[in-house]
Amino acid sequence: MPSTRTYLVTGAASGIGEATAERLRAEGRTVIGADLAGADICADLATPEGRRELVARARELTGGRLDAVIACAGVAHFDPLTVKVNYFGAVATLEGLRPLLAEGADPRAVVVSSATAIHPHDPAIVDAALAGDESAAATAASAALERGEGHLIYGSSKHAVARWVRRTAATADWAGAGIPLNAVAPALVVTPMTEGVLGDAKTRRLMDAVLPMPLHGHAAAGQIAPLLAFLTSPENTHVTGQIVFADGGTDAVLRGEGAW
């Protein structure tokens, strides 16, 4: 594998994105990090302007050629912002950078979904997201908040991302162009985003009940990075359109043997 292989990682300033960027750099890869601040590209993926900035800067920094994209950027707020970043920001990243991947060597792409994607979700949020209607998705998220179901927003955004991968990966633009497209679905990962949840004993017990992880418990961000690195490596020639659960057994516990 050539050391000149170039990756773009969103959410690279913390959590899974940071751990993945560090791993790839340690392996000799060229990594362009993107985040709100503290990265090679500073862009707000909650906004159309930020998404355009990401693509434009990526094109400038790479000369129009990327070998892999890892979309890790995400938030977990009881707010429409979560849908804007987690779904629309992620999809805009992958769609916007696909032409650069098409110019790369052994191009690969992966996005971070979540084990919460298998939890109950809000169909109005998911349907609007998959229809590409950001305004309607934000309105549906606000409606969920108003009726006391703000907890559905995060899982709905990740459910929508997973379904987008499934519907998109086998198309001419991706599989037809030789670009595997996958998602990784972690359960509870110890990151700055989860510090508040895991730091409170009562909330932690609740989260452990809804996201059981019988194999080794909570993951460190660095334990998710190797899977992201493999899925975006030239060695991954045939895995595409998959939601790969890196969840310590959450999916197997919650959905059982019938969901294989």
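**Entry 1**

I began with helices α2 and α3, whose crossing is right-handed. I wrote the rule beside it: right-handed means the near helix is turned clockwise from the far one by less than a right angle, and left-handed means anticlockwise. Helices here are DSSP runs of H or I with at least four residues, strands are runs of E with at least two, and both are numbered from the N terminus. This is a predicted model, so local features need pLDDT of at least 70 and side-chain atom pairs count only at pLDDT 80 or more, while totals for chains, interfaces and linings use all residues. Residues are numbered from 1 along each chain as its sequence is written, and side-chain values use heavy atoms, with hydrogens and water left out.

I reminded myself that two packed helices are described by the angle between their axes and the distance between the axes. For helix α2 (residues 48-62) and helix α3 (residues 81-102), I found axes that come within 9 Å and cross at roughly 30°. The axes are lines fitted to C-alpha atoms, for helices over the stretch in contact, and angles run from 0 to 180 degrees between N-to-C directions.

Next I looked up who makes the contact, meaning heavy atoms within 4.5 Å. From α2 I noted Arg 51, Leu 54, Val 55, Ala 58, Arg 59 and Thr 62. On the α3 side I picked out several, including Lys 84, Phe 88, Gly 89 and Leu 100. The contact residues divide into eight nonpolar, four polar and three charged. For these classes, Ala, Val, Leu, Ile, Met, Phe, Trp, Tyr, Cys and Pro count as nonpolar, Asp, Glu, Lys and Arg as charged, and the others, Gly among them, as polar.

**Entry 2: aromatic pairs**

I found two aromatic pairs in the structure. Rings of Phe, Tyr and Trp (its six-membered ring) pair if their centres lie within 6.5 Å; planes under 30 degrees apart are stacked, over 60 edge-to-face, and the rest tilted. The ring centres of Tyr 87 and Phe 88 are 4.9 Å apart with planes at 85°, so I logged the pair as edge-to-face. Both Tyr 87 and Phe 88 are buried; buried means under 20% relative accessible area, exposed over 50%, and partly exposed in between (1.4 Å probe, protein chains only).

Trp 164 and Trp 174 have ring centres 6.5 Å apart and planes at 85°, so this pair is edge-to-face. I saw that it links distant parts of the chain, with Trp 164 in helix α6 (residues 152-168) and Trp 174 in the loop between α6 and β6 (181-186), 10 residues apart. Trp 164 and Trp 174 are both buried.

**Entry 3: the sheet and β6**

I traced an open sheet of seven strands with parallel pairing, in the order β3-β2-β1-β4-β5-β6-β9. Strands pair if DSSP finds at least two bridges between them. The edges are β3 (41-42) and β9, each pairing on one side only. Strand β2 (residues 30-35) runs parallel to β3, joined by two bridges, and Ala 34 stands opposite Ile 41.

Then I asked myself: how many of the residues of β6 are buried? I counted six of six, so β6 is largely enclosed by the rest of the structure. In a regular strand the side chains alternate between the two faces of the sheet. In β6, I saw Leu 181, Ala 183 and Ala 185 point one way and Asn 182, Val 184 and Pro 186 the other.

Strand β5 (residues 108-112) runs parallel to β6, with four bridges between them; Val 111 has Ala 183 as its bridge partner. Four bridges also pair β6 with strand β9 (residues 243-246) in the parallel sense, and Pro 186 stands opposite Ala 246. I noticed α9 lying across β4 (68-71), β5, β6 and β9, running at about 170° to β6.

**Entry 4: some loop residues**

I looked up Thr 232, in the loop between α9 (221-231) and β9. Thr 232 is buried, with a relative accessible area of 0%. Leaving aside neighbours within four places in sequence, its contacts include Arg 5, Tyr 7 and Val 110. The C-alpha atoms of Thr 232 and Asp 67 are separated by 8.4 Å, though the two are 165 residues apart along the chain.

Is His 216 buried or exposed? At 73% relative accessibility I noted His 216 as exposed. His 216 has a positive phi of about 70° although it is not a glycine, and sits in the loop between α8 (201-210) and β8 (219-220).
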